[in-house]
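Biologist: Could you take me through the reading of a model, one feature at a time, with the general idea before the particular case?

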Amino acid sequence: MEGPGAGTGPLLILGIETSCDETAAAVLDGGKIRSNVVSSQAQLHARFGGVVPEIASRHHLELVLPVVREALDGHEVDSVAVTQGPGLIGALLVGLSAAKALAWAWQLPLVPVDHLQGHVASLYLDPDPLEPPFVCLLASGGHTLLLDVQERGSFAILGSTLDDAAGEAFDKGARLLGLGYPGGAEIDRLARTGDPKAFEFPVARVPGLDFSFSGVKTALLYATRDLDIEERKADLAASYQNAIVRALAERTQEAAERTGADRIAIVGGVAANSELRAALPDAVAPPLELCIDNAAMIASAARYADAVPYPGYLALDAYAQAV
Ligand code: KG4
Ligand code: ZN
């Protein structure tokens, strides 16, 4: 019988992702997704208006093996990839422990993956894998970064947010408008019926290629104080979204000009936003299901990261903050 990876052709990678409120597992065959299972806990956290870390960890514990089993669907894999950080530490530890146990039991290598590298690697999947160099806007619930990507597996940070992440600004705005959690998709949907010019929400222009979204959130708060929110909800959502999208699109174009990059890519949950996609029509964006957290992107990043051979990974730790 052949041992792991003894066959020819691309190796199968099992990816596991539990950094926030999605429990996800995927099997990748080269750049081809064999399976991609995501179990979102968003509904569980909705009543609290945001992710409750302890609840997230407990649900990851319940879901991780069923989700992995569904993704595996009888496949035998050659390595196990897992998100090591950044994210919620308790949530990360569930995925990391499961990945270590599986890799150890199967005597396979383990590939610890950085979640942010994972988002970028969502661009390297079939059928149209992107080849660097490019400038990449990574906008999610936890991060807003402009990246200079010269080769797969690494990037240089050109700019980041000084306060809230773009997704966080969407989520907090949605909360002010009494919309559900997570708020980005809700605002996106409601904004389609509103007037983006109804309200002027200024977004601070900070020096360099950084972002700041705390001011626009405060502007929305003040606007909602003097209004019947119900009546103007769609206009508020459209104007608020427009302000965030304008800031993201302008800075991304500036980054491309400064670096001389001819190509722009957008990744992360906020890259699912329809107005952002329209504002950067030439940008490469993954399909919607690969913008939000998933494990296919983690397995994809594992192809360009260092594997730890069996059994040297048992002491590996998770990290909460970006390194
Ligand atoms: O990448 P992601 O799933 O998780 C993190 O790594 O944070 O991103 C989640 C974020 C949330 O803040 C959510 O509101 C936002 O992405 N998001 C959107 C849209 N869909 C998800 N923001 C704007 N428009 C959308 N359509
Ligand atoms: Zn993410």
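Modeller: What follows covers domains, a pocket, a helix pair and some backbone details. This is a predicted model, in which local features need pLDDT of at least 70 and side-chain atom pairs count only at pLDDT 80 or more, while totals for chains, interfaces and linings use all residues. Residues are numbered from 1 along each chain as its sequence is written, chains are lettered from A and ligands numbered from 1 in the order in which they are written, and side-chain values use heavy atoms, with hydrogens and water left out.

Biologist: Which domains does the assignment give?

Modeller: Domain bounds come from an automatic or database domain assignment, and here they give domain 1 (12-124 + 293-302) and domain 2 (134-283). Their C-alpha centres lie 26 Å apart, and the contact (heavy atoms within 4.5 Å) takes 16 residues from domain 1 and 19 residues from domain 2.

Biologist: What volume does the largest pocket have, and why does it lie where it does?

Modeller: On a 1 Å grid over the protein atoms alone, a cavity is a set of points where a 1.4 Å probe fits but cannot get out, whereas a pocket is an open set with protein on both sides within 12 Å along at least five of seven lines, and lining residues have an atom within 4 Å of a point. Grid points are joined across faces, edges and corners, and a volume is the space filled by probe spheres set on the points. The largest pocket has a volume of about 1300 Å³; of its 43 lining residues, the closest to its centre are Ser140, Gly141, Gly142, Asp171 and Tyr181. Because domain 1 and domain 2 both give residues to the lining, the largest pocket lies between them.

Biologist: Which helix gives the most to that lining?

Modeller: Helices (H or I, at least four residues) and strands (E, at least two) are DSSP runs, numbered from the N terminus. H5 gives the most, with six residues.

Biologist: How is the packing of H5 with H8 described?

Modeller: Two packed helices are described by the angle between their axes and the distance between the axes. Axes are lines fitted to C-alpha atoms, for helices over the stretch in contact, and angles run from 0 to 180 degrees between N-to-C directions. H5 and helix H8 (residues 229-259) pack at about 170°, with axes 10 Å apart, and are therefore roughly antiparallel (over 145 degrees; under 35 is roughly parallel, 65 to 115 roughly perpendicular, the rest oblique). Residues in the contact include Phe170 of H5 and Tyr240 of H8.

Biologist: Where is there a cis peptide bond?

Modeller: Most peptide bonds are trans. The bond from Gly85 to Pro86 is cis, with omega near -10°, and Pro86 lies in the loop between strand E4 (79-85) and helix H3 (89-106).
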